[in-house]
Amino acid sequence: MAPTESFPKVLSEVWTNKSAPKRINLALQGGSAHGAFTWGVLDRLLQEPRIEVEGVSATSAGAMNAVVMAHGLTTGGRQGAREALEEFWNAVVRASAPFGALRLLEAVLRFLSPYQFNPFDYNPLRQIIRQLIDFERLRQDSAIKLFVSATNVRTGKIKVFTDKEITADCVLASACLPFLYQAVEVKGEHYWDGGYMGNPALFPLIYSCESRDILIVHVNPIERPDKPTSAREIMNRVDEISFNSSLMREMRAVAFITKLIDDGKLSDAKRLLIHSVCADDVMRGLGAASKLNTDGGFLRELRALGSERARAWIDRHFDDLGSRSTIDIQAAYL
């Protein structure tokens, strides 16, 4: 201790450093209405003063959650973010058709393209996010780093939109299911749902954020014990495998780099600490059609589930943040 430093001042600095929030990054999967589970996870994290979000990489429904949260944090802090998420999902409930009509639409999708049955490209989410989100404010002064993924229809490559360039069309592009909506045009290129190439993309968090901790919020089950046999079950499982494939590839790269670090063959790379919140035990039991179910009661059940799983994860693993991964990458992804 320097002679000029007082003992109380040193104690104050130690306490301040000890009580500073731990910074993490979030990776949010897409999954249509199942994104209400992510809403619950975010709501619980926003109530945790010991955790602070640095950046979010997200796709589809995850992108909706991410952008709404970023807007709320920017304009009203943590409470503003919680209120913004609540307002968004309530607006989804009000704007959506009855579940029976959506089941009928699901049948129509097997025979007609969105250019046929939806020639005017109606999308209720377009008006909702334009009304609720101040995109200009986000581009100028987002409270968190934001990365939203979409799939370029022409090239098949991933496109990551940052908070510096985010618009309503960027978010709609990330959530553009090609059998439901027409491709979204952004600066002369057309995009589909980002889940095909990054669900979610981890590399923006690796290269653009300081925190080593990445919390992945899973919506799509990686494994299923039973063989799908019906047309609907098969289509749902194909979607799950497709929407998890990019994440699996990135996790393989993370595992490879981590092994090189452990073996002393790589000394200047960032060691990533990977964490996960999921509810595969519940999600496996939900039918494929439930992804179109925007009934208020159903969405709030998923929100409560997300909040409960996030609380349990915080209680169990908060002390691990900054020091170690809390999932076995090899077992979970490889």
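Val-186 stands opposite Glu-189 in strand β6. Strand β5 (residues 184–186) runs antiparallel to β6, and three bridges join the two. Strands here are DSSP runs of E with at least two residues, helices are runs of H or I with at least four residues, and both are numbered from the N terminus. Two strands count as a pair if DSSP finds at least two bridges between them. The hairpin of β5 and β6 has two residues between its strands, and Lys-187 takes a positive phi near 50° there.

Strand β6 (residues 189–193) also pairs with strand β3 (residues 145–152): three bridges join them, and they run antiparallel. Which residue of β6 is the bridge partner of Thr-151? That partner is Trp-192.

## A word on the model

This is a predicted model, in which local features need pLDDT of at least 70 and side-chain atom pairs count only at pLDDT 80 or more, while totals for chains, interfaces and linings use all residues. Residues are numbered from 1 along each chain as its sequence is written, and side-chain values use heavy atoms, with hydrogens and water left out.

Now find helix α2 (residues 35–46) and helix α12 (residues 296–317), whose axes come within 6 Å and cross at roughly 45°. These axes are lines fitted to C-alpha atoms, for helices over the stretch in contact, and angles run from 0 to 180 degrees between N-to-C directions. The two helices are therefore oblique to each other; angles under 35 degrees count as roughly parallel, over 145 as roughly antiparallel, 65 to 115 as roughly perpendicular and the rest as oblique.

Which residues make the contact? On the α2 side they include Phe-37, Trp-39 and Leu-45, and on the α12 side they include Leu-299, Leu-302 and Ile-314. Contact means heavy atoms within 4.5 Å. The residues of this contact divide into 10 nonpolar, three polar and six charged. In this grouping, Ala, Val, Leu, Ile, Met, Phe, Trp, Tyr, Cys and Pro are nonpolar, Asp, Glu, Lys and Arg are charged, and the others, Gly among them, are polar.

## Serines with positive phi

Ser-32 has a phi near 55°, a positive value in a residue other than glycine. You will find Ser-32 in the loop between β1 (22–28) and α2. Is Ser-32 buried or partly exposed? Ser-32 is partly exposed, with a relative accessible area of 25%; buried means under 20% relative accessible area, exposed over 50%, and partly exposed in between (1.4 Å probe, protein chains only).

Ser-60 also has a positive phi near 55°, and lies in the loop between β2 (51–59) and α3 (61–95). Ser-60 counts as buried at 6% relative accessibility.

## Two prolines and an asparagine

A cis peptide bond joins Asn-199 and Pro-200, with omega about -10°. Pro-200 sits in the loop between β6 and α9 (203–208). Pro-204 is found in helix α9 and counts as buried at 5% relative accessibility. Leaving aside neighbours within four places in sequence, Pro-204 is in contact with Ser-57, Phe-147, Val-160 and Cys-209.

Asn-220 lies in the loop between β7 (213–217) and α10 (231–262), and counts as buried at 2% relative accessibility. Beyond neighbours within four places in sequence, the contacts of Asn-220 include Asn-199, Phe-243 and Lys-291.
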